Amino acid sequence: MLTDNRPTSGDRFRELIRSITGISLPPSKVQMIDQRLRRRVVAFDLPDTETFLQKLLGGELPGDELRNVIDLITTNTTSFFREADHFDFLAQDVVPTVVAETRAGRRPRLKIWSAAASEGAEAYTAAMVLEERKRAGVAFDYAILGTDISQRMLERATAAIYGNDQLTTVPADLQRRYFLSSAHPSMSGKSRIVPELRQRVKFRHLNLMDDSYPVDRDVDLIFLRNVLIYFEPADKERVVQRLATHLRPGGWLLVGHAESMVVRHDGLQQVKPTIFRRVRA
Ligand SMILES: C[S@@+](CC[C@H](N)C(=O)[O-])C[C@H]1O[C@@H](n2cnc3c(N)ncnc32)[C@H](O)[C@@H]1O
């Protein structure tokens, strides 16, 4: 009996999304994504989503169309102090270790990378936690980089304006110190991160599926949380391999609580269920 092994249009559709973003769609989600992209298909007067994606990959659509697709298909859920034990680890383990390991006469400096930053809550939570250590008298500097594939999220992260309902997970004293409200009507019900924190945190576009990342190779700590869950095993592994080369020896990789099983790398040692440390050379 002959079997037809040709991929269905649903298979091709899923593979196209995966090749652009790394995001692996179970067959059950194809319809949902199809619906999310429908208005882009209509905007170009095309017969179906697959034709739309083929044209997109073939460079036949305007250059900024990819951005619309990515904004529509990514899941950007995030919150301040999400998986809070990671921020306790940053304050109680990472900061003292970096300070203790800095050579006498030098000012300790921490480099942090939020590698799927969404609208910035993870990066700004790290900034608040580090500012608190400085307020407590620990002398050090820090810089935080946030990257994401979604331009819309990066714009939000850079603006650093959040609905007050998003601040419920931020302790009240930190809300007072690190968020500003304004009487301007456009800021009604919203607050903005203070300039002192905003200047420490920079955001940039980066696709984790790219072959290389234009980021420093002496990062102290990388947050890679709640993004690998969307990737296929081979892509997860490649992303972890590439990211590990950006950690300084002794630097930490933090993954989401549903993701620890995916980190299998000779150069990374598991120190807690979701925390890995780059082995020293
Ligand atoms: C669920 S959010 C997680 C945000 C934050 N790390 C957290 O744990 O709260 C996942 C983010 O990963 C981003 N993302 C998905 N695929 C990506 C890729 N290939 N490269 C970079 N970012 C990606 C999405 O745009 C989204 O903002």
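**Exercise 1. How many residues lie in the hairpin that joins β9 to β10?**

Solution. Begin with the ground rules. This is a predicted model, where local features need pLDDT of at least 70, side-chain atom pairs count only at pLDDT 80 or more, and totals for chains, interfaces and linings use all residues. Residues are numbered from 1 along each chain as its sequence is written, and side-chain values use heavy atoms, with hydrogens and water left out.

Step 1. Find the strands. Strands (E, at least two residues) and helices (H or I, at least four) are DSSP runs, numbered from the N terminus. β9 covers residues 268-272, and β10 covers residues 275-278.

Step 2. Read the link. The hairpin passes from β9 to β10 through 2 residues.

Step 3. Check the pairing. Two strands pair if DSSP finds at least two bridges between them. β9 and β10 run antiparallel and share 4 bridges. Q270 faces F276 of β10.

Step 4. Look at the other partner of β10. Strand β8 (residues 247-255) pairs with β10 in the antiparallel sense, over 3 bridges. Here W252 has R277 as its bridge partner.

**Exercise 2. Work out the strand order of the open sheet of 3 strands.**

Solution. Step 1. The order is β3-β5-β4, and the pairing is antiparallel.

Step 1. Name the edges. They are β3 (161-163) and β4 (179-180), each pairing on one side only.

Step 2. Inspect one pair. β4 meets β5 (residues 190-193) over 2 bridges, in the antiparallel sense. F179 has I193 in β5 as its bridge partner.

**Exercise 3. Describe how domain 1 and domain 2 meet.**

Solution. Step 1. Domain 1 spans 9-73 and domain 2 spans 85-278. Such bounds come from an automatic or database domain assignment. The C-alpha centres of the two domains lie 30 Å apart.

Step 1. Count the contacts (heavy atoms within 4.5 Å). On the domain 1 side 9 residues take part, against 11 residues of domain 2.

Step 2. Take the buried area, the accessible area (1.4 Å probe) that two parts lose on being put together, summed over both. The domains bury about 940 Å² between them, with 49% of it on carbon and sulfur atoms. In domain 1, R18, R67 and D71 lose the most area to domain 2, together 44% of what that side buries.

Step 3. Look for salt bridges (a side-chain nitrogen of Lys or Arg within 4 Å of a carboxyl oxygen of Asp or Glu). The rule finds 2 across this interface. R67 and E155 form a salt bridge through their side chains, at 2.7 Å, N to O.

Step 4. The elements giving two or more residues to it are α1 (9-21) and α4 (65-73).
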